[in-house]
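Student: I have a model open and want to go through it piece by piece. Can you take my questions as they come?

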Amino acid sequence: MRPLRAGIAATVVVCAALGGAPSASAAAPLPARMADTGGGSQLITAEAPRASSTSGTVTWWDRRSDGRWVKAGSAPARFGAKGLVAGSGREQGTNTTPAGLYDLPFAFGTRAAPGGTSVTYRRVRDSSWWCQDNRSRSYNRWTQPRPADCRASESEHLADYGTQYAHALVIGFNYDRPVRGRGAGIFLHVNGRAATAGCVSVPKDAMRRILTWVRPGRAPHIAIGTAGGATAITKY
């Protein structure tokens, strides 16, 4: 029995030694563990625990001149009512948030831009629409006014969402070369009452802070994903 007890004690010591300190990889900030951050010096990460989650965390990061990523702020986040899916295979109307790495083309809002905002900011008017009509030449584009080939029933009248779109950033999902049926109108915006229809949302104060933090000259991007699995944020 004594040899067995000694063996157990040794095992405990070894396990304690192995578990006593995190690995260098685990200790590194999230952007440093990602496959790609977009090449700029600003990054927003929107991370959910798992693909079925409707909540998680948004964090915004600065990359310093020495290459180190430093957290500039964070806030609780909401995702699509049906969770997250890989952006490359997403289907329109599924209430899923597209995982992936995207640029941030411009900002908009029903309210004036917060002081200090430097990103291009479009003020929402009654004539402002986001076209989601797959038949339209303006698919997945801001339109003002709504063009004749973009059906109102298949589009979003931005002024109708005074709370959510008080301030928002366009997420460049399916934006540069839109694929019909993949999805349109994916934004980082202010929280509504619950989960989103596919966007990422944060509290209004956090959204205002993000807008004043973003600097176009620093090539900001947003990475959306999960803590692990097929849509792990570290893959993007």
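**Strands, a disulfide and a pocket**

Tutor: Let's start with strand S5 (residues 97-103), which runs antiparallel to S14 and is joined to it by four bridges. Keep in mind that the model is predicted.

Student: Which residue stands opposite His-221 of S14?

Tutor: Asp-103 does.

Student: And how many bridges join S1 to S14?

Tutor: Six bridges, and strand S1 (residues 42-48) runs parallel to S14. Within that pairing, Ile-44 has Ile-222 as its bridge partner.

Student: Is S14 buried or exposed, then?

Tutor: Six of the six residues of strand S14 (residues 221-226) are buried, so the strand is largely enclosed by the rest of the structure. Buried here means under 20% relative accessible area.

Student: Which residues sit on each side of S14?

Tutor: His-221, Ala-223 and Gly-225 are on one side, and Ile-222, Ile-224 and Thr-226 are on the other. These residues are all buried, and both faces of the strand are covered.

Student: Changing topic. How do S2 and S3 pair?

Tutor: Strand S2 (residues 55-63) and strand S3 (residues 69-78) are antiparallel, with nine bridges between them. Arg-63 is bridged to Trp-69 in S3.

Student: How many residues lie between the strands of that hairpin?

Tutor: There are five residues between S2 and S3, and in this hairpin Gly-67 has a positive phi near 95°.

Student: What about the open sheet, what is its strand order?

Tutor: The sheet has three strands in the order S9-S8-S10, and the pairing is antiparallel. S9 and S10 are the edge strands, each pairing on one side only. On average, neighbouring strands of this sheet are turned by 25° against each other, direction ignored.

Student: How many bridges join S8 to S9?

Tutor: Three, with the two strands running antiparallel. Trp-129 stands opposite Thr-143 in S9.

Student: Now cysteines. How many disulfides does the count come to?

Tutor: One disulfide. Cys-131 and Cys-150 form it, with their sulfur atoms 2.2 Å apart. The link is right-handed, with 120° about the S-S bond.

Student: What does the pair tie together?

Tutor: Cys-131 lies in strand S8 (residues 129-131) and Cys-150 in the loop between strand S9 (141-143) and strand S10 (155-157), so the link ties together parts that are 19 residues apart in sequence.

Student: Are those two cysteines buried or exposed?

Tutor: Cys-131 counts as buried at 0% relative accessibility. Cys-150 is buried as well, with a relative accessible area of 0%.

Student: And Cys-199, buried or exposed?

Tutor: Cys-199 is buried, with a relative accessible area of 7%. Cys-199 also belongs to the lining of the largest pocket, where Glu-156, Thr-196, Ala-197, Gly-198 and Cys-199 lie nearest the centre.

Student: What volume does the largest pocket have, and how many residues line it?

Tutor: Its volume is about 380 Å³, and 23 residues line it. By class, the lining has eight nonpolar, 12 polar and three charged residues.

Student: Last one: where is Ile-186?

Tutor: Ile-186 is in the loop between strand S11 (168-170) and strand S12 (187-190). Ile-186 is buried, with a relative accessible area of 4%.

Student: How far apart are Ile-186 and Phe-173 in space?

Tutor: They are 6.7 Å apart, C-alpha to C-alpha, and 13 residues apart in sequence.

Conventions
Residues are numbered from 1 along each chain as its sequence is written. This is a predicted model: local features need pLDDT of at least 70, side-chain atom pairs count only at pLDDT 80 or more; totals for chains, interfaces and linings use all residues. Side-chain values use heavy atoms; hydrogens and water are left out. On a 1 Å grid over the protein atoms alone, a cavity is a set of points where a 1.4 Å probe fits but cannot get out, and a pocket is an open set with protein on both sides within 12 Å along at least five of seven lines; lining residues have an atom within 4 Å of a point. Grid points are joined across faces, edges and corners, and a volume is the space filled by probe spheres set on the points. Ala, Val, Leu, Ile, Met, Phe, Trp, Tyr, Cys and Pro count as nonpolar, Asp, Glu, Lys and Arg as charged, and the others, Gly among them, as polar. Two strands pair if DSSP finds at least two bridges between them. A disulfide is a pair of cysteine sulfur atoms within 2.5 Å. Buried means under 20% relative accessible area, exposed over 50%, partly exposed in between (1.4 Å probe, protein chains only). Axes are lines fitted to C-alpha atoms, for helices over the stretch in contact, and angles run from 0 to 180 degrees between N-to-C directions.
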